[in-house]
Amino acid sequence: STWKLGHGYGRSPRDARPHVVAIDYGAKDNIFRNLVKAGARVTVVPAEVTLEQVLELQPDGVFLSNGPGDPAATGTYAVPVIQALLERDMPVFGICLGHQMLGIAAGAKTSKMFQGHRGANHPVKRLSDGVVEITSMNHGFAVDNAALPDSVEETHVSLFDGTNCGIAIKGKRAFGVQYHPEASPGPQDSFYLFEKFVGMLG
């Protein structure tokens, strides 16, 4: 549950909120806090979880965590699970490494950046309406936005170098961002992404 003074975090009743299964490729606790704040109940599972183990938990949606790691290496065991979730039209939200592997699962490619993005205050443009979000980043790989398949729509780009910072899978309830909306270096421009994901789960 959400944090309360004198109590800390508690457990929500099992049937009170939409259930998100979060696959932990190296997640930050604040991601889970933001999912809960947005209205979800969260169960965390290890990186090498099987599809059957995920489905046994009866999730309303699946979250793909940030990493670290090479998406191609982690993807050897993670991407087939993600592809199977997409085939079942499971709502999926990925951040950073999770975003990259979501892209690979949908047919996109990733590449190692010459110079990665690190630190706070990175401007990212949301292509749907031109809004600029001030974000935190920490990655050395990126989804190649010069070779996106027809099934993948680019939703966000870096204003520093034009690299991909967000995708949505066409015809699916699945999206990801390269940056870290759970970070709070000052601006909290991207919390809406957690609300957007939880809003898909009803």
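Student: How many residues line the second largest pocket, and which of them lie nearest its centre?

Tutor: The second largest pocket is lined by 14 residues, and those nearest its centre are N66, P68, G69, C96 and N138. A pocket here is an open set of points on a 1 Å grid over the protein atoms alone, where a 1.4 Å probe fits and protein lies on both sides within 12 Å along at least five of seven lines, and a lining residue has an atom within 4 Å of a point. This is a predicted model, in which local features need pLDDT of at least 70 and side-chain atom pairs count only at pLDDT 80 or more, while totals for chains, interfaces and linings use all residues. Residues are numbered from 1 along each chain as its sequence is written, and side-chain values use heavy atoms, with hydrogens and water left out.

Student: Which elements give two or more residues to that lining, and what is its make-up by class?

Tutor: Helix 4 (97–105) and strand 6 (132–143) are the elements that give two or more residues, and strand 6 gives the most, with 4 residues. Helices (H or I, at least four residues) and strands (E, at least two) are DSSP runs numbered from the N terminus. By class, the lining has 4 nonpolar, 8 polar and 2 charged residues.

Student: How many bridges join strand 6 to strand 5, and in which sense do the two strands run?

Tutor: Two strands pair if DSSP finds at least two bridges between them. Strand 5 (residues 110–126) and strand 6 run antiparallel and are joined by 10 bridges, with T110 having V143 of strand 6 as its bridge partner. Their hairpin has 5 residues between the strands, and in it G130 takes a positive phi near 80°. Strand 5 also pairs with strand 7 (residues 152–158) in the antiparallel sense over 3 bridges, where V124 stands opposite S158.

Student: How many salt bridges does a search of the whole structure find, and which residues are joined into one network?

Tutor: Side chains of opposite charge can pair when their charged atoms come close. A salt bridge requires a side-chain nitrogen of Lys or Arg within 4 Å of a carboxyl oxygen of Asp or Glu, and the search finds 4 of them. R126 forms one with D129, the closest N and O atoms being 2.8 Å apart, and another with E133, at 3.6 Å. Through these shared partners, R126, D129 and E133 are joined into one network. R126 is buried, at 17% relative accessible area, and E133 is buried at 1%, whereas D129 is partly exposed at 46%.

Student: What does the salt bridge between K28 and E182 tie together?

Tutor: The closest N and O atoms of K28 and E182 are 3.5 Å apart. K28 lies in the loop between strand 1 (19–24) and helix 1 (29–37), and E182 in the loop between strand 9 (174–177) and helix 5 (192–199), so the pair ties together parts that are 154 residues apart in sequence. K28 is partly exposed, at 36%, whereas E182 counts as buried, at 1%.

Definitions and conventions. Buried < 20%, exposed > 50% of the residue type's maximum accessible area, 1.4 Å probe, protein only. Nonpolar A, V, L, I, M, F, W, Y, C, P; charged D, E, K, R; others polar.
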